[in-house]
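Visitor: Pick one part of this model and walk me through it up close, please. I'd like to know how it sits in its surroundings.

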Amino acid sequence: MRLLKVVVVLVILILAGLTGYAYFGDMSSDPREMRMPVELNLGAERPAPISASVQTAPTAAPEDSDAVQPAPAADGAEAGQNDLD
């Protein structure tokens, strides 16, 4: 019976010590700067880069009346225009 009392007192002291260390111990980590590259629009296709030899004047639209035209953007921006531009 006496051994049981010693074990109970030791358990209580251990729990009190852990609680005190959690409140008063120095458990904070040193701050450090982390930089990680982020790639946005992972699902979107990347447009081909425009080279200097490509003509920049707009071409005439095909005369096919069944051609599918892109739908206008819901927020009023032009189709294909990036919000960050």
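Guide: Let's go to V6, which is partly exposed, with a relative accessible area of 45%. That label covers anything between buried (under 20%) and exposed (over 50%), using a 1.4 Å probe and protein chains only. Bear in mind that this is a predicted model, where local features need pLDDT of at least 70, side-chain atom pairs count only at pLDDT 80 or more, and totals for chains, interfaces and linings use all residues. Residues are numbered from 1 along each chain as its sequence is written, and side-chain values use heavy atoms, leaving out hydrogens and water.

V6 sits in helix α1, which runs over residues 2-24. The chain has one helix and zero strands (DSSP runs of H or I, at least four residues, and of E, at least two).

Areas come from the Shrake-Rupley method with a 1.4 Å probe.

Zooming out, the chain exposes about 9300 Å², and carbon and sulfur atoms supply 60% of that. Buried residues make up 0% of the 85 residues.

As for charge pairing, the count is one salt bridge (a Lys or Arg side-chain nitrogen within 4 Å of an Asp or Glu carboxyl oxygen). R35 pairs with E33, their closest N and O atoms being 2.5 Å apart, and both R35 and E33 are exposed.
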